[in-house]
Amino acid sequence: MDDYSSQETQKTTTSNRNVDDQDDHHHPNPTNPFVQILQQPIQWLQMLSSELNPTFVLGVVLVYGLSQGFSGSYFKVVTDYYWKDVQKLQPSVVQLYIGLYYIPWLMKPVWGLLTDVFPVRGYRRRPYFVLAGVIGTVSALTVAFSGNLAAVVALTWLIGVTAGVAIADVTIDACIARNSIEIRSLASDLQSLCGFCSSAGALVGYSTSGFFVHHLGPQGALGLLAIPPIFLTVLGFVIYEQRSTNLHSQRKKAVEEVGVAMSGIYKTIKLPQEFVGMIYAVGAVASIVGVLIYHKTLKNYPFRNLVFFAQLLYAMSGLLDLTFILRWNLALGIPDYFFVIMEECVFRIVTKIRWMPMIVLSTRLCPLGIEGTFFALLMCIDSLGSLSSKWGGGAVLHALNVTRTNFTNLWLALLIRNVLRFLTLGLIFLVPKADQLDLLIPSDLLTKNSFEFSDVDDQSLELVPSKGKIEV
């Protein structure tokens, strides 16, 4: 009897130890803060993938990280050297050409209308990722390997590169806008993901651009711009989208809703090459810091207050450029290289903090069903402003006789720019006072613009399987 009791006691003790081991396995000791910091981005991405389809998250990473972030930054540095060293153009002419890059971005409402109204073989998003990839690949390879091109011909192909980026941007933004409407609590997270990917891609692009320009030459380095659009083509085949039927009636309804949307708008209205690249690379890191600041501390502030102070900081940061041009930094004992890097960091952080709430606001203004068209239209306004600033800047540089070798009046051009930034503060009253989670358009307009997908299940275009219940 005693032996039996002893055996039972041993079994019980062993069992308790096993339970304790299992508890230790399932409830490990808290990890150190450094490991927790590393785990947060992973857990955040896992949360987004569980709420949304993983291929949609992949699409955001590819479009914003590789296409916009890497291509945009790499394109900026390499084309600057291309126009200067290969085509040998004056700054005022280069500004004019850079302004023409925005033509595809000004056409964003057209791309958005195509994705909303004209599906291809039952798909509204997939074909346009493929189209963007093909246009971008062909354009980049042509300008890189066609030998000596006339400036106008080269400009045409470079506009083709930006067209590929713009079409992909409109397509993924339509998906983002739809998800932001369906799950308002994730709108800020989606914009944070876009910001992280864009900044990380820009970091890589700026860091490598000088190296490739130095070793391949400006024209040869443009050939690497064919890589991102190849991935966009692949994305068009892998991103989840349920095929739609009864396309004729759906297209007719979409065209009708465009008119409603239009009324809705009225209602809601010369250093070393490597160092140049490294300056922009440090700026890309600063952009990530700006995204973190917004995501961690600012995403719950009202739109108007946040935009006002962000614009004020943006205007004040422009004075750093003026300080550098007038050489006041040397009078203060600050060397040029340090001051330039500091200015780039400040500018990038403030720009991100200023830009992200405006993107969230734009998604809040999109009616369901035509979110691609509407969001693209709002972004077109921004592109129009960028085009005006490029052409206006080129005209000012020409009027002030600022050339490749004469910078005498450059300070005056910067002063005019900074004054205009401060004057913009007078328009902040147009930004709504609402919080970033508030509904900004009337619910009747929201429902009136939406396609009645619930009537015909197989007409719905979803980014996730039925488990996720999120439609494109």
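This is a predicted model: local features need pLDDT of at least 70, side-chain atom pairs count only at pLDDT 80 or more; totals for chains, interfaces and linings use all residues.
**Exercise 1. Find which residues S71 touches, leaving out those up to four places away in sequence.**

Step 1. Take contact as heavy atoms within 4.5 Å. With residues up to four places away in sequence set aside, S71 touches L66, L225 and P228.

Step 2. Residues are numbered from 1 along each chain as its sequence is written, and side-chain values use heavy atoms, with hydrogens and water left out.

Step 3. Now place the residue: S71 sits in helix α3, residues 54-86. Helices (H or I, at least four residues) and strands (E, at least two) are DSSP runs, numbered from the N terminus.

Step 4. S71 counts as buried because its relative accessibility is 5%. The classes are buried under 20% relative accessible area, exposed over 50% and partly exposed in between, with a 1.4 Å probe and protein chains only.

**Exercise 2. Work out which residues line the largest cavity, and of what kind they are.**

Step 1. On a 1 Å grid over the protein atoms alone, a cavity is a set of points where a 1.4 Å probe fits but cannot get out; a pocket is an open set with protein on both sides within 12 Å along at least five of seven lines; lining residues have an atom within 4 Å of a point.

Step 2. The lining consists of S67, S71, A132, G136, V161, G164, V165, L225, P228, P229 and L232.

Step 3. Sort them by kind: seven are nonpolar, four polar and none charged. Here Ala, Val, Leu, Ile, Met, Phe, Trp, Tyr, Cys and Pro are nonpolar, Asp, Glu, Lys and Arg charged, and the others, Gly among them, polar.

Step 4. The volume of the largest cavity is about 60 Å³. Grid points are joined across faces, edges and corners, and a volume is the space filled by probe spheres set on the points.

**Exercise 3. Identify the element that gives the most to the lining of the second largest pocket.**

Step 1. This pocket holds about 330 Å³ of space. Two or more lining residues come from each of α2 (33-51), α9 (187-221) and α12 (273-298).

Step 2. Helix α2 gives the most, with six residues.

Step 3. Among the lining residues are W44, F196, H295 and K296. By kind, the lining has nine nonpolar, two polar and one charged.

**Exercise 4. Classify the ring pair of Y314 and F347.**

Step 1. The structure holds ten aromatic pairs. Rings of Phe, Tyr and Trp (its six-membered ring) pair if their centres lie within 6.5 Å; planes under 30 degrees apart count as stacked, over 60 as edge-to-face and the rest as tilted.

Step 2. For Y314 and F347 the centres are 6.1 Å apart and the planes stand at 35°, so the pair is tilted.

Step 3. Y314 lies in helix α13 (residues 303-325) and F347 in helix α15 (residues 336-364), 33 residues apart.

Step 4. Finish with accessibility: Y314 is buried at 13%, whereas F347 is partly exposed at 25%.
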